[in-house]
Amino acid sequence: MKKQQRQQAIIQLLKQNDSVRVSTMSQKFHIAPMTVRRDLAELEKKGILIRTHGGAILKSKQTYDTSTTIYKRLKVNTEIKCQIAKKALTQLNANDHIFIASGSTIELFAEEIPNNIPLEVVTNSINVVLRLSQKKNIKIYLVGGELREKSMSMTGPIAINVLKQLQLNKAFIGINAIDAQGHIYTSSVVETQLLEYLSTSIHPLYVLADASKLDKIDFIKVDLRSPYTLITDSIPVALKANYLEHGINVL
């Protein structure tokens, strides 16, 4: 198989799968792993795919450039994100003890929380703290950790160790992508560890994501240990049925 034909075959394989590993392509096309890596490097330069650790994904499958700051993301799909935030408010009750993660939709959710509802909020987002700081009935706790400047959030072992000491009854998180089977994705190892801990310790878990993030993948799959509720703006009937079949509630 000539290089051009082989690279077209790689693209078709990626279109059929969320991601493909180098070892899989090597076996399928009967070529050395080094040859696969050279093909992937060329296709990445052309802007067709994104190489990951041990494989690749199509660039069209990634929801956004992970170098984009939270401030720029707040300007994208803002009206839709506000609608999702307002829907998430229906899941709040007075005197809840909740965790609010980071992300543009999540930050707008914090902004929408009314002043008259008493809550105790734990967050790893500096911007969420700023959004909530003028709401008199809300007690705010910011967990420490390593600062991720693009998202203005604190992550890592320190944040997880603080959360282990707290009893929380709900969590609201944002993510980078959700694939067709309902697996969620992020671009950061330390953020993934935090989300995996939340899924084992806080129920219910609410994922706020607009339609642009559905049926997509990103760099790292999060191993959620329990079902979650997806709050979104619109979703194809077949995709919703698939999520429900995998135990995901959809609002």
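Q: Is Lys-3 buried, partly exposed or exposed, and what is the relative accessibility?
A: Lys-3 counts as partly exposed, at 43% relative accessibility, where buried means under 20% relative accessible area, exposed over 50% and partly exposed in between, with a 1.4 Å probe and protein chains only. This is a predicted model, in which local features need pLDDT of at least 70, side-chain atom pairs count only at pLDDT 80 or more, and totals for chains, interfaces and linings use all residues. Residues are numbered from 1 along each chain as its sequence is written, and side-chain values use heavy atoms, with hydrogens and water left out.

Q: Which residue forms a salt bridge with Lys-3?
A: Glu-42 does, with the closest N and O atoms 3.4 Å apart; a salt bridge here is a side-chain nitrogen of Lys or Arg within 4 Å of a carboxyl oxygen of Asp or Glu. Glu-42 lies in helix α3 and Lys-3 in helix α1 (residues 3–16), so the pair ties together parts that are 39 residues apart in sequence. Helices (H or I, at least four residues) and strands (E, at least two) are DSSP runs, numbered from the N terminus.

Q: And how many salt bridges are there by this rule?
A: The count comes to eight. Among them, Arg-131 and Glu-107 meet at 2.9 Å, N to O, and this pair links helix α7 (residues 126–132) with helix α6, 24 residues apart. Glu-107, Glu-111 and Arg-131 are linked in a network of salt bridges.

Q: Is Glu-107 buried or exposed?
A: Glu-107 counts as buried, at 4% relative accessibility, whereas Arg-131 counts as partly exposed, at 24%.

Q: Switching to packing, at what angle do α5 and α6 pack?
A: Helix α5 (residues 78–89) and helix α6 (residues 104–112) pack at about 55°, with their axes 8 Å apart; the axes are lines fitted to C-alpha atoms over the stretch in contact, and angles run from 0 to 180 degrees between N-to-C directions. The two helices are therefore oblique to each other, given that angles under 35 degrees count as roughly parallel, over 145 as roughly antiparallel, 65 to 115 as roughly perpendicular and the rest as oblique.

Q: What about the backbone, where is the cis peptide bond?
A: A cis peptide bond joins His-203 and Pro-204, with omega about 0°, and Pro-204 lies in the loop between α9 (189–201) and β12 (205–208).

Q: What is the phi of His-30?
A: His-30 has a positive phi of about 55°, although it is not a glycine, and His-30 is exposed, with a relative accessible area of 71%.
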